[in-house]
Amino acid sequence: MAVVPSDIDLVAPPPAKRGAIATYTRRHPTIVVGGALFALMVAMAIFAPYLHTVDPLALAPAKRLRWPSAEYWFGTDMLGRDLYSRTIYGARVSLIVGISVAALSTGLGLLIGLITGFNRWVDSIVMRIMDGLMSIPPVLIAIALMALTRASLQNVVFAITVAEVPRVTRLVRSIVLTLREQPYVEAAFASGTTTIRVMWRHIVPNTLSTLLVQGTFIAASAMITEAILSFIGAGTPPTIPSWGNIMAEGRAVFLVAYYIVLFPGIMLSLTVLAINLLGDGLRDAIDPRLARRL
């Protein structure tokens, strides 16, 4: 008796895509390179104690200003502290500041932008305040706020966030003003949908892609601003190793030990480059006009 295969047996599974990773890498090389480099920096910050490091605050005056060698990979500073360990641990400060500022500023900017985009009375007041803040360079705002508080990592995050919120707010507001005139939004209001529900269902999802790209650039800008604040002594306290602090300490002996400024500067540049590449790649992938050109 012949065996008739079942309908399930007749349906063959779809062939797996070959070279999907290679295709994605070819279409979005900046995302791959930037994401890989950023992941490397994050892993370095997380696993800093296991990367052949020592206490970044340990003093050894007898070993001060040692040039890079097999014993001290990045050399030592004026107090004999291991520069390699301080540079590795300094990645934690920059990443915490960058990610925290990006998350807080985009969240606050989204909230304020939604409110001002739907309420003209609030918009006329709040946006004038935002315009005033945007007329001042973010670094100067951060310096002014840090002058009113004590040096700490939390205050640095707060100061840079205040400086970045106005730009996110204006970006979200412009998107909301465009979306609220769309037919599907007007139809939602006509059907009796509340404003909050319209915001949550129709407005917020259409802002997330733009905010994701903007958040990457804010993170890179926040890292640079934090380094500037620490370099001039208005950022994190000296007890917390950060790339800005290390470079600030090395400028006094730059002519005889330029490596103190060189290594943390390279790490800061690579981290900012990774985030900018990731942001550029996300922008190209999300924007359909740019995606068609790839």
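R170 is partly exposed in this predicted model, with a relative accessibility of 27%; buried here means under 20% relative accessible area, exposed means over 50%, and partly exposed lies in between (1.4 Å probe, protein chains only). The model is a prediction in which local features need pLDDT of at least 70 and side-chain atom pairs count only at pLDDT 80 or more, while totals for chains, interfaces and linings use all residues. Residues are numbered from 1 along each chain as its sequence is written, and side-chain values use heavy atoms, with hydrogens and water left out.

R170 forms a salt bridge with D131, with 2.4 Å between the closest N and O atoms; a salt bridge is taken as a side-chain nitrogen of Lys or Arg within 4 Å of a carboxyl oxygen of Asp or Glu. This pair links distant parts of the chain, D131 being in helix α5 and R170 in helix α7 (residues 153-179), 39 residues apart. Helices (H or I, at least four residues) and strands (E, at least two) are DSSP runs numbered from the N terminus. D131 also forms a salt bridge with R128, where the closest N and O atoms are 3.0 Å apart. R128 and D131 are 3 residues apart in helix α5 (residues 120-134), so about one helical turn separates them. R128 is partly exposed at 48% relative accessibility, and D131 is partly exposed at 29%.

A search of the whole structure gives 7 salt bridges. Among them is the pair of E249 and R81, whose closest N and O atoms are 3.1 Å apart. This pair likewise links distant parts of the chain: E249 is in helix α10 (residues 243-250), and R81 is in the loop between α3 (29-46) and α4 (83-118), 168 residues away. R81 counts as buried, at 7% relative accessibility. E249 and R81 belong to a network of salt bridges that also includes D77 and R86.

Helix α10 also packs against helix α11 (residues 259-286), with axes that come within 8 Å and cross at roughly 150 degrees. The two helices are therefore roughly antiparallel, a term applied to angles over 145 degrees, with angles under 35 counted as roughly parallel, 65 to 115 as roughly perpendicular and the rest as oblique. Axes are lines fitted to C-alpha atoms, for helices over the stretch in contact, and angles run from 0 to 180 degrees between N-to-C directions. On the α10 side, W243, I246, M247 and G250 meet I260, V261, P264, G265, M267, L268 and T271 of α11, contact meaning heavy atoms within 4.5 Å. The residues of this contact comprise 8 nonpolar, 3 polar and no charged; Ala, Val, Leu, Ile, Met, Phe, Trp, Tyr, Cys and Pro count as nonpolar, Asp, Glu, Lys and Arg as charged, and the others, Gly among them, as polar.

The loop between α3 and α4 holds H52 and L65. Most residues other than glycine have a negative phi. H52, however, has a positive phi near 60 degrees, and L65 has a positive phi of about 55 degrees. H52 is exposed, with a relative accessible area of 58%, whereas L65 is partly exposed at 31%.

Over the whole chain, the secondary structure consists of 12 helices and 0 strands. Of its 294 residues, 42% count as buried. Among contacts between residues at least 6 apart in sequence, 70% join residues at least 24 apart.
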